[in-house]
Amino acid sequence: MMVLVNEESSLKIVEMIGGEKAVSVVKTLLNKPALTDEELSAATGIDVKEVRKILHRLNDVGAVSYEVHRDRVTGHRVFKWRVQQEQLVGYTKTLMRKVLERLRDRLEYVEKNQLYWCGTAGCPKYSFDESLQTLFKCRKCGKPLSLYDSTKFAESLRSKIAELEANLK
């Protein structure tokens, strides 16, 4: 499966990066590209300083770009902003690679350690060494720890790793 970035998925990525206000800014730019930060502020109702912060945050990850022009009357530099949807594909792949690496690390940890758990949802699972330090009592709730069968969890991790690897090809 190839990573495709359409308008809807672009907006979800933008929301992760900059929140709801960033979505409003990007929607405006998608409908009318090459706006200045002042024009975006007027169109979205967001303070111009906040619009600039959002644009710079999005520019840092390549979601938007700008062209610099000179105002003929004042001589000031004017920035005209555009959405770079194709750059969001690269950003998404980078995030997916980070998630993949974390999943691989977690799978390695699960496979190399015996895990102990109290059975309470929300409580962490402990390695043998960590369990021994607390005399096999959960640090969070105080219940006794017992051996946790992590085979289903490891299989779930393998499945997610395979899915991400397939998406990144």
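Trainee: Which residues does Ser131 touch, not counting residues up to four places away in sequence?

Mentor: The model is predicted, and local features need pLDDT of at least 70, side-chain atom pairs count only at pLDDT 80 or more, and totals for chains, interfaces and linings use all residues. Ser131 is placed in helix H6 (residues 128-133); helices (H or I, at least four residues) and strands (E, at least two) are DSSP runs, numbered from the N terminus. Contact means heavy atoms within 4.5 Å. With residues up to four places away in sequence left out, Ser131 touches Tyr116, Tyr126, Phe136 and Leu145.

Trainee: Is Ser131 buried or exposed?

Mentor: Residues are numbered from 1 along each chain as its sequence is written, and side-chain values use heavy atoms, with hydrogens and water left out. Buried means under 20% relative accessible area, exposed over 50%, and partly exposed in between (1.4 Å probe, protein chains only). The relative accessibility of Ser131 is 0%, so Ser131 counts as buried.

Trainee: Is Leu135 buried or exposed?

Mentor: Leu135 lies in the loop between H6 and strand E5 (146-148). Its phi is positive, about 55°, although Leu135 is not a glycine. At 68% relative accessibility, Leu135 counts as exposed.

Trainee: With which residues is Ser146 in contact, leaving aside its neighbours within four places in sequence?

Mentor: Ser146 is found in strand E5 and is partly exposed, with a relative accessible area of 42%. Leaving aside neighbours within four places, the contacts of Ser146 are Leu115, Tyr116 and Trp117.

Trainee: Are helices H2 and H4 roughly parallel or roughly perpendicular?

Mentor: Axes are lines fitted to C-alpha atoms, for helices over the stretch in contact, and angles run from 0 to 180 degrees between N-to-C directions. Angles under 35 degrees count as roughly parallel, over 145 as roughly antiparallel, 65 to 115 as roughly perpendicular and the rest as oblique. The axes of H2 (residues 20-31) and H4 (residues 48-60) come within 10 Å and cross at roughly 80°. H2 and H4 are therefore roughly perpendicular.

Trainee: How many nonpolar residues does the contact of H2 with H4 have?

Mentor: H2 contributes Lys21, Ala22, Val25, Val26 and Leu29, and H4 contributes Glu50, Val51, Ile54, Leu55 and Leu58. Ala, Val, Leu, Ile, Met, Phe, Trp, Tyr, Cys and Pro count as nonpolar, Asp, Glu, Lys and Arg as charged, and the others, Gly among them, as polar. By class, the contact of H2 with H4 has two charged residues, no polar ones, and nonpolar residues numbering eight.

Trainee: How far apart are the end C-alpha atoms of H5?

Mentor: The expected span of a helix is 1.5 Å times one less than its number of residues. H5 has 28 residues and should span 40 Å; this agrees with the distance between its end C-alpha atoms, which is 41 Å.

Trainee: Which helix do the buried residues of H7 pack against?

Mentor: H7 (residues 151-168) has as its buried residues Ala154, Leu157, Ile161, Leu164, Asn167 and Leu168. They are on the same side of H7, because they cover an arc of only 145° around the axis. On the other side of H7, Thr151 and Lys152 are exposed. The helix that the buried residues of H7 pack against is H5 (85-112).

Note on methods. Arc of directions from axis to C-beta.
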